[in-house]
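My entries follow in the order I made them.

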Amino acid sequence: MGAERARITTFTDPMMGLSYEMEPVYRRLEAAFGDHVELRWHMGLLVRDARDFMTPAERALDEEAAFAAYNTRLAGIYLAEEPLGGVPMDMSSFALFSPDHASTLPLCLAYHAAAIASPGLAYAYLVRLRFATVAQGRRTTLPAVCREVAAETGVDLQKYDASLGNDGAQAALREDLSLMAALGIHCLPACLVEGTSGSILLNGLCGYDELCGAISRVGSGKPQGVTASHDALRAMLARQKLVSREEICAAFGLQREEACELAEQVVAHGYGRKAEVGKGWLLIVD
């Protein structure tokens with residue numbers, strides 16, 4: 001690690017609502033620490049088979065009914081997580097799992113395929129894949145849908161397809177799972193904070209203060225103030241492609257009305273569009 005620089009590696013899965021709700025924390029960290037913090041991502045394959053998470057009552061049903069019941073219950077779990085970060089969800093058409101598509105393996109492989117094909121868009125793709133899952137109700141357990149989202153994010157599709165076909169994405173996922181095992185990570189999400197003085201592993205949903213404390217303990221810089229501006233929001237959108245109201249508030253210390261005003265200024269200048277989702281909105285760069 002370079003001097004005064006922290007690396008935060010998050011172990012997650014593209015379908016995780018908890019990680020979706022942590023995005024405001026990441027925006028605040030990026031705004032406060034700038035180049036002194038680096039975000040990285042590893043996939044943990046949360047759901048190898050959705051049947052493993054079903055209740056006895058759900059397993060007693062025929063398969064189609066069992067998956068329908070499980071999806072309904074899972075949608076309720078997502079909605080219960082929404083207030084944690086305030087990033088809006090829409091579960092009205094949620095039907096992620098089915099008997100033939102019962103794993104998040106396609107999502108994890110898709111992330112690595114995108115990371116290999118277009119490294120600079122890997123994080124933006126991960127965010128867009130989560131958005132497709134929990135806000136658009138798209139069946140991202142289907143490889144074809146993951147590819148659609150890759151195209152929407154601007155990922156090089158020729159390289160994306162190649163990495164899925166030549167074992168590149170598989171190998172990257174195996175490395176992630178091996179690292180998780182070596183670190184003793186048994187639940188998701190988890191954050192590994194590394195700096196000049198060592199490393200700290202944090203399990204579960206992490207808040208800004210908790211991560212700042214970890215960064216301080218590993219000796220990697222102090223947070224600085226940040227000023228809200230049209231250019232600053234455009235720079236954030238250039239990196240992320242999709243940013244929620246809550247992320248704008250967290251990054252710049254704004255109230256919701258102020259975030260809305262800033263967002264409308266950016267849209268008025270022809271950069272991005274505002275999309276209403278559930279109880280909130282997001283800015284999206286297509």
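**Entry 1**

I began with strand 3 (residues 190-195) and strand 4, which run antiparallel and are joined by six bridges. Strands and helices here are DSSP runs numbered from the N terminus, with at least two residues (E) for a strand and at least four (H or I) for a helix. Two strands pair if DSSP finds at least two bridges between them. This is a predicted model: local features need pLDDT of at least 70, side-chain atom pairs count only at pLDDT 80 or more, and totals for chains, interfaces and linings use all residues. Residues are numbered from 1 along each chain as its sequence is written, and side-chain values use heavy atoms, with hydrogens and water left out.

I noted Leu192 opposite Leu201 of strand 4. I then traced the whole sheet: it is open, has four strands in the order 2-1-3-4, and its pairing is mixed. Strand 2 (37-43) and strand 4 (198-203) are the edge strands, each pairing on one side only. From one strand to the next, the twist averages 20°. Axes are lines fitted to C-alpha atoms, for helices over the stretch in contact, and angles run from 0 to 180 degrees between N-to-C directions.

Next I checked what packs on this sheet. Helix 9 (residues 168-183) touches strand 1 (6-12), strand 2, strand 3 and strand 4, and its direction makes about 100° with that of strand 2. Contact means heavy atoms within 4.5 Å. Helix 10 (residues 208-217) lies across strand 1, strand 3 and strand 4, at about 160° to strand 4.

I found an open sheet of three strands, order 5-7-6, with antiparallel pairing. Strand 5 (242-244) and strand 6 (273-277) each have a single partner strand, so one side of each lacks a neighbour in the sheet. The twist averages 30° from one strand to the next. Five bridges pair strand 6 with strand 7 (residues 280-284). Val277 stands opposite Gly280 in strand 7. Helix 13 (residues 256-268) packs on the sheet, touching strand 6 and strand 7, at about 30° to the direction of strand 7.

**Entry 1: Arg245**

I looked up Arg245 in helix 12 (residues 245-252). Is Arg245 buried or exposed? Arg245 is buried, at a relative accessible area of 10%. The scale is under 20% for buried, over 50% for exposed and partly exposed in between (1.4 Å probe, protein chains only). Leaving aside neighbours within four places in sequence, I list its contacts as Arg256, Ala259, Lys279, Gly280 and Trp281.

**Entry 2: rings**

I counted five aromatic pairs. Rings of Phe, Tyr and Trp (its six-membered ring) pair if their centres lie within 6.5 Å; planes under 30 degrees apart are stacked, over 60 edge-to-face, the rest tilted. Tyr26 and Trp41 are edge-to-face, 5.0 Å centre to centre, with 80° between the planes. Tyr26 is in helix 2 (residues 23-33) and Trp41 in strand 2, 15 residues apart. Both Tyr26 and Trp41 are buried. Tyr70 and Phe97 form a tilted pair: 6.0 Å centre to centre, 50° between the planes. Tyr70 lies in helix 4 (residues 63-85) and Phe97 in the loop between helix 4 and helix 5 (105-117), so this pair ties together parts 27 residues apart in sequence.
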